[in-house]
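Open the model in your viewer and get ready to select residues. Each stop says what to pick and what is there.

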Amino acid sequence: MTLDYEWLGPGMFAGALVLLSLGYPVAFSLGGVAILFSIVGIVLGVFDPVFLTAMPQRIFGIMANYTLLAIPYFIFMGSMLEKSGIAENLLETMGIVLGRLRGGLALAVVIVGTLLAATTGVVAATVVAMGLISLPIMLRYGYNKELATGVIAASGTLGQIIPPSVVLVVIGDQLGVSVGDLFIGSVIPGLMMSGAFALHILIVAFLKPDLAPALPAEVRNISSEALGKRVIQVMLPPLILILLVLGSIFFGFATPTEAGAVGCAGAMALAAANRKFTIASLGQVCDTTLKITTIVLFILLGSTAFSLVFRGLNGDQFMFDVLANLPGGNIGFLFVSMVTVFILGFFIDFFEIAFIVIPLFVPVAQQLGIDLVWYGVILGANLQTSFLTPPFGFALFYLRGVAPPEVTTSDIYRGAIPFILLQVLVLLLIIIFPGIVSYLPNLGK
């Protein structure tokens, strides 16, 4: 391709971002840009139409991808657990256990968010459940609005880094690495994220007790024996489910896809034990799973068409040359890729980032000899921030939809900022100390 037409590849990328910023669905934005630029390339004589003949084979390759089968399994598991009432039981019980501490309710939200992340992994369900149940109670007993909304929104995003995570499944597929290794490698970073949130709450409660007071004694009026029994009844089932799903992957008994199927069976059993498993609820869960999975696959089809035309216009080579020759080598590439993902997270969804941007980074990361499992985990941690960063953070929108009228949108936005900074801090730690990610995968081997 002559220098006169090298702009076509970057132009595709810019065109897709413009359409996305205008609100067009990502799948159709990517597919539409691919069709438009393929026509322009053919007219200018710089795009070989033979590239388009590879599209059917790529589509069938997607349909035959065993790894992607884990996506509907984990979506089904999360949706079924949402129906089981597990979030409500956990929040009520942990609120009573930790209510005597200053900031105890907020700590309960973090702990429950961590447990739900390791079972459901569905941000919308987690944020909505905790917003409906915990936020009114926290406000009633004098919690600061910004702290209360911030901890709920942030804890709800833990499902993006703590396995089983749909984000990690998508990243594993895009990077061409084992999803199981990504799951295992993200356990410690995910717990670090939870620990950072909890430590922040304890510090705030210590320095400014009026922002996060303890619950009155009369609210915690329950005997130690009854409380202990309730804790066991509420905590044991999700812990068993976590052991079945993540333990089977960690010890090599099952692939993530097979573990997802086991998780679905366990989720249905939990719903049945709580008397929430009905034909109607099963139909709703199946409907939700079908819708979300279809959206993901349409995005994947659109991104496949986009990448095919992008490659035909030598856009991949252009981006490779730019990224591989950045000053600073590995450090320069990591800085640019992380900043790019973080900034895009302010405006577009994590699926869009994963399917548009990550394929551009993979060849360069391979060329520079970067460990792709570690790179996948830091990408997942970075993508987690996209749910919290204004103006389009999805967790903020979910919480806004269920928050009481006295909580303003600016309260929610301001409340998210300290937790965004904490996420960035943990991200920096796992970048500086790669052993945080590699320890458990190496231990398993």
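Start by selecting Tyr375. This is a predicted model, and in it Tyr375 touches Leu175, Phe333, Leu334, Ser337, Met338, Phe361, Ala365 and Ile370, leaving aside residues up to four places away in sequence.

Together with Tyr375, they have the most contacts inside the largest nonpolar core, a set of 150 residues. Which helix gives the largest share of this core? Select residues 104–117: that is helix 6, and it supplies 10 residues. In soluble globular proteins, nonpolar side chains tend to be buried together.

Next, show helix 8 (residues 145–156) and helix 21 (residues 409–432). Their axes come within 7 Å and cross at roughly 65°. The crossing is right-handed. Zoom in on the contact. From helix 8, pick Lys145, Glu146, Leu147, Thr149, Gly150, Val151 and Ala154. They meet Asp411, Ile412, Arg414, Gly415, Ala416 and Phe419 of helix 21. Colour these residues by type: 6 are nonpolar, 3 polar and 4 charged.

Last stop: helix 13, residues 256–273. Draw a distance from its first C-alpha to its last. The 18 residues reach 25 Å, close to the 26 Å expected at 1.5 Å a residue. Which residues of helix 13 are buried? Select Pro256, Thr257, Ala259, Gly260, Gly263, Cys264, Gly266, Ala267, Leu270 and Ala271. What do they pack against? Show helix 4 (70–84), helix 5 (86–98), helix 10 (179–185) and helix 12 (224–250) to see their partners. Finish on Arg275, which follows helix 13 and has a positive phi, near 60°.

How values were computed
Residues numbered from 1 in each chain as written. Predicted model: local features only at pLDDT ≥ 70, side-chain atom pairs only at ≥ 80, totals over all residues. Heavy atoms only, no water. Core = buried A, V, L, I, M, F, W, Y, C linked by side-chain atoms within 4.5 Å. Buried < 20%, exposed > 50% of the residue type's maximum accessible area, 1.4 Å probe, protein only. Helix = DSSP H or I, 4+ residues; strand = E, 2+ residues; numbered from the N terminus. Contact = heavy atoms within 4.5 Å. Axes fitted to C-alpha atoms, helices over the stretch in contact; angles between N-to-C directions. Left-handed = near helix turned anticlockwise from the far one by under 90°. Nonpolar A, V, L, I, M, F, W, Y, C, P; charged D, E, K, R; others polar. Expected span 1.5 Å × (residues − 1).
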